[in-house]
Every structure is written in C-alpha cells, then in structure tokens.
Amino acid sequence: MRLTPTERDRLLLFGAAELARARRARGLKLNVPEATALIADTVCEAARDGARLAEAVERARSVLSPDDVLPGVADVVTEVHVEAVFDDGSRLAVVSDPIGGSLGERAPGALLPGPEHAEPEAADRLTVTNTATVPVSVTSHFHFFEANPRLDFPRERAYGMRLAVPAGSSVRFGPGESLEVGLVPIGGDRVAIGFAGLVDGALDAPGAREEALRRAAACGYLGVPEAPDQEVER
C-alpha cells in the first residue's frame, strides 16, 4: 500500500493517540507528547465524522481534564495546532487552552520574577557629555574610566569606578547630550582586564592609576588632566 506523506503523518498521530488512550485506561496520567497526540487526533477524528471546525475544536478541548495529565502538562500544552480534512477541505484547527487547570506559578519549571534590584547608592556623581556624532552606551560593570574616548568627563575621578545602575543595565548618551551619572567603586578583586586596555590588571597596583592616565592622554581620551603624572585627589 502506497501512502502519501500526509497519510503517513496521520497514521503516526493515530498510533501515538492510541498509546495515550491505552495508558489513560490503565490509570496513568499523560505526559506532554501523549496529551498533544490525543487532542490532535480527536480533532482529526471529529473531522472524519463530518463535524465542522468549531465542533471538532470543542470536542478536542473536552477530551482531557487536569486530572488526566501529569502536573505541569497543562502549562506546557497551552495550544495545539493540527491540520484536519473536513468535508469542505483541509483546515488548520487551533485548540487553545485544551486542558485547562493551569498551575501558573506552581507549575514545575515556572519562571518566577525575583526581587527588583534598586540602583546602588552613588559614591560620586559626574556630568558626562557625548561629543561624538553617534550614540554611546555604557553597561553597568564597564570600567567607566575607559569608556568611549569621545565622552567628556573628569576621568581621574572615574578611575576604578563603574556606573551606579543595576547589573545588566546600561546608560545611553545621545550625540551632544550631557547627562549626570552616579558611580560606585568596582568591587571584588578590583581587576580590570580588557575594556580599552588602559589598565589591564589590578586597579590598585602601585603606579597603575598614573600609567592609565598616561595611556589615556596618549590615546586622545577627553577629560584627562594635562599633567596625568600628578596625583589627583578624588
């Protein structure tokens, strides 16, 4: 017997649905593939019986209850799409909320929002001007001293500091825009590796601050004091 790909898919779906029916008859609760197959097969069989699309969807929506499936399945199977052959041709049936009884936040694997993180209290505040013709964004844990060279601000005060914003967020400076930002000291081991390469090591190592200021001045960074070799009070 030669079968078309659509007919083979229909037989696979029917086999999975029959397995689900047999397991439910033995008192087992269905998992996601079993529940999905049974719901989709119900639509196809209703269409074969001559039911219209709306009636087939209603039959599929009533075939399972939350007591028939494992915990959390209703939260995973929130919608089933299946193409069925009705008397007037093939139609895509969409069965929304086919099981009901969602556990919501109590569902296994549910993502629960954590507490909101307030902005850390700033240890220093600077006015930053973007002299570039394009926007510049700086992320929360970027060593602010090494931020874009076209940002104009007193860089010596930003040495060893980062933005006082929640982790993962950023501050955007539009072209020609001036913003006041808060800074906090970088924590942990206070090591700045990478970024713009002005430090590339321990922030508090002897001479690291002076060398970083010298490199910044040599690279044309705005906001660097004229005499970077002199200690500047923060």
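Let's start with one side chain: E211 is partly exposed, with a relative accessible area of 27%. Keep in mind that this is a predicted model. E211 pairs up with R214 in a salt bridge, and the closest N and O atoms sit 2.5 Å apart. R214 counts as partly exposed too, at 44% relative accessibility.

Now zoom out for a moment. The protein chain splits into domain 1, residues 5-99, and domain 2, residues 124-219. How far apart do the C-alpha centres of domain 1 and domain 2 lie? The answer is 58 Å.

From here, head over to helices α1 and α2. Helix α1 runs over residues 5-25 and helix α2 over residues 32-48. Two packed helices are described by the angle between their axes and the distance between the axes. For α1 and α2, the angle is about 115° and the axes are 8 Å apart. The crossing of α1 past α2 is left-handed. On the α1 side, the contact is made by R10, L13, F14, A16, A17, A20, R21, R23 and R24. On the α2 side, you'll find E34, A37, L38, A40, D41, C44 and E45. What kinds of residues make up this contact of α1 with α2? They divide into nine nonpolar and seven charged, with no polar ones.

Take D41 in helix α2. Its side chain meets that of R10 in a salt bridge, at 2.8 Å from N to O. This pair links distant parts of the chain, since D41 belongs to α2 and R10 to α1, 31 residues apart. Is D41 buried or exposed? D41 is buried, with a relative accessible area of 0%. R10, on the other hand, is partly exposed at 23%.

If you leave aside its neighbours within four places in sequence, D41 is in contact with R10, L13, F14, A17 and R21.

The side chains of E34 and R23 meet at 2.3 Å, N to O. E34 lies in α2 and R23 in α1, so this pair ties together parts that are 11 residues apart in sequence. E34 is buried, with a relative accessible area of 9%, while R23 counts as partly exposed at 28%.

Next, follow α2 to its other partner, helix α3, which spans residues 53-62. Here the two helices pack at an angle of about 145°, with their axes 8 Å apart. What is the handedness of the crossing as α2 passes α3? It is right-handed. From α2, the residues involved are I39, T42, V43 and A46, and they meet A56, R59 and A60 of α3. The residues of this contact divide into five nonpolar, one polar and one charged.

Finally, let's turn to the backbone. Most residues other than glycine have a negative phi, and most peptide bonds are trans. D97 is not a glycine, yet it has a positive phi of about 45°. Where is D97 found? It sits in the loop between β2 (89-96) and β3 (124-130). At 48% relative accessibility, D97 counts as partly exposed.

R190 also has a positive phi, about 50°, although it is not a glycine. Its place is in the loop between β8 (178-185) and β9 (191-192). At 17% relative accessibility, R190 counts as buried.

Notes
Residues are numbered from 1 along each chain as its sequence is written. This is a predicted model: local features need pLDDT of at least 70, side-chain atom pairs count only at pLDDT 80 or more; totals for chains, interfaces and linings use all residues. Side-chain values use heavy atoms; hydrogens and water are left out. Domain bounds come from an automatic or database domain assignment. A salt bridge is a side-chain nitrogen of Lys or Arg within 4 Å of a carboxyl oxygen of Asp or Glu. Helices (H or I, at least four residues) and strands (E, at least two) are DSSP runs, numbered from the N terminus. Buried means under 20% relative accessible area, exposed over 50%, partly exposed in between (1.4 Å probe, protein chains only). Axes are lines fitted to C-alpha atoms, for helices over the stretch in contact, and angles run from 0 to 180 degrees between N-to-C directions. A crossing is left-handed if the near helix is turned anticlockwise from the far one by less than a right angle, and right-handed if clockwise. Contact means heavy atoms within 4.5 Å. Ala, Val, Leu, Ile, Met, Phe, Trp, Tyr, Cys and Pro count as nonpolar, Asp, Glu, Lys and Arg as charged, and the others, Gly among them, as polar.
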